[in-house]
Amino acid sequence: MLSDSMAHALNSHLNTEHFSAELYLSMSSAAGVMGFKGAATWFMVQHQEEMAHFMKFYGYLSSQGVLVKLVAADIPNSYASLLEMFEKTLTHEQHITKAINHLMDHAVKESDHASQIFLQWFISEQIEEEENDRDIIGKLKLIGDNGYGLLMLDNDLGRRVFVPQPAAI
Ligand code: FEO
């Protein structure tokens with residue numbers, strides 16, 4: 001059983017994961033409009049991953065008998081470059097990492113072992129998310145305005161595929 005404050009904190013984060021999913025779907029559209037079809041695929045896969053994260057929170061809260069409350073949010077959709085998109089992606093993921101860490105602190109403080117087990121997967125996932133973003137930002141900075149380099153990187157980003165995660169903990 002979850003405390004009211006833990007249930008509220010997890011529900012709030014569920015909405016943040018949903019925001020992430022919509023943010024990356026919007027970035028997929030922006031990348032496609034810029035002509036980066038590979039990056040559009042990369043962000044579409046990121047959108048799918050975030051929807052899976054959102055559904056993990058939904059599934060956990062449902063299994064704990066919590067009524068989920070969804071909140072609508074405004075999604076930005078204006079970007080000057082691919083580099084800006086990935087820098088904003090990294091900044092957003094660093095924000096998510098902090099939020100997950102706060103949730104874990106909350107669960108530890110309450111001796112809520114079930115939530116600690118649930119959140120452990122997200123702690124590991126955030127390490128990978130930030131690393132991926134840093135790698136791409138590093139490549140984009142090396143490439144600069146070189147069209148051939150951007151084409152090669154875009155082809156590489158377009159190879160990303162969504163790997164479904166188990167729905168449960
Ligand atoms: Fe679900 Fe990218 O954090």
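1. Let's start in the middle. The largest nonpolar core has 22 residues, and the ones touching the most other members are Ala31, Phe43, Leu82, Met85 and Phe86. A nonpolar core here is a set of buried Ala, Val, Leu, Ile, Met, Phe, Trp, Tyr and Cys residues joined through side-chain atoms within 4.5 Å. Two or more residues of this core come from each of H1, helix H2 (37-63), helix H3 (82-109), helix H4 (113-143) and helix H5 (147-157). H1 gives the largest share, five residues. There is also a second, separate core of 19 residues, with Phe57, Leu61, Leu103 and Ala107 among them.

2. A word on what you are looking at. This is a predicted model, in which local features need pLDDT of at least 70 and side-chain atom pairs count only at pLDDT 80 or more, while totals for chains, interfaces and linings use all residues. Residues are numbered from 1 along each chain as its sequence is written, and side-chain values use heavy atoms, with hydrogens and water left out. As for the element names, helices (H or I, at least four residues) and strands (E, at least two) are DSSP runs, numbered from the N terminus.

3. Met85 is in contact (heavy atoms within 4.5 Å) with Met27, Ala30, Ala31, Met34, Phe43 and Tyr79, leaving aside its neighbours within four places in sequence. Leu82 sits in helix H3 and, with a relative accessible area of 4%, is buried. The cut-offs are: buried under 20% relative accessible area, exposed over 50%, and partly exposed in between (1.4 Å probe, protein chains only). Not counting residues up to four places away in sequence, Leu82 touches Ala31, Met34, Phe36, Ala39 and Leu140. Tyr60 is another story: 22 residues from Leu82 along the chain, it has its C-alpha atom 35 Å from that of Leu82.

4. How do H1 and H2 pack? Their axes are 8 Å apart and the angle is about 165 degrees, which makes H1 roughly antiparallel to H2. Axes are lines fitted to C-alpha atoms, for helices over the stretch in contact, and angles run from 0 to 180 degrees between N-to-C directions. Angles under 35 degrees count as roughly parallel, over 145 as roughly antiparallel, 65 to 115 as roughly perpendicular and the rest as oblique. H1 passes H2 in a left-handed crossing, meaning that the near helix is turned anticlockwise from the far one by less than a right angle (clockwise would be right-handed). The contact of H1 with H2 has 18 nonpolar, nine polar and four charged residues. For these classes, Ala, Val, Leu, Ile, Met, Phe, Trp, Tyr, Cys and Pro count as nonpolar, Asp, Glu, Lys and Arg as charged, and the others, Gly among them, as polar.

5. On to H3 and H4. These two pack with their axes 9 Å apart, at an angle of about 160 degrees, so H3 is roughly antiparallel to H4. H3 passes H4 in a left-handed crossing. Their contact divides into 16 nonpolar, eight polar and seven charged residues. In the loop between H3 and H4 you will find Ser111. Have a look at its backbone: phi of Ser111 is near 50 degrees, a positive value in a residue other than glycine.

6. Is Ser20 buried or exposed? Its relative accessibility is 0%, so Ser20 counts as buried. Ser20 lies in helix H1 (residues 4-33) and touches Glu50, His92 and Ile96, not counting residues up to four places away in sequence. Asp145 is 125 residues from Ser20 along the chain, and their C-alpha atoms are separated by 28 Å.

7. Finally, two residues with some accessible area. Gln48, in helix H2, counts as partly exposed at 31% relative accessibility. Gln48 and Leu25 are 23 residues apart in sequence and 8.6 Å apart in space, C-alpha to C-alpha. Ala80 is in the loop between H2 and H3 and is exposed, with a relative accessible area of 71%.
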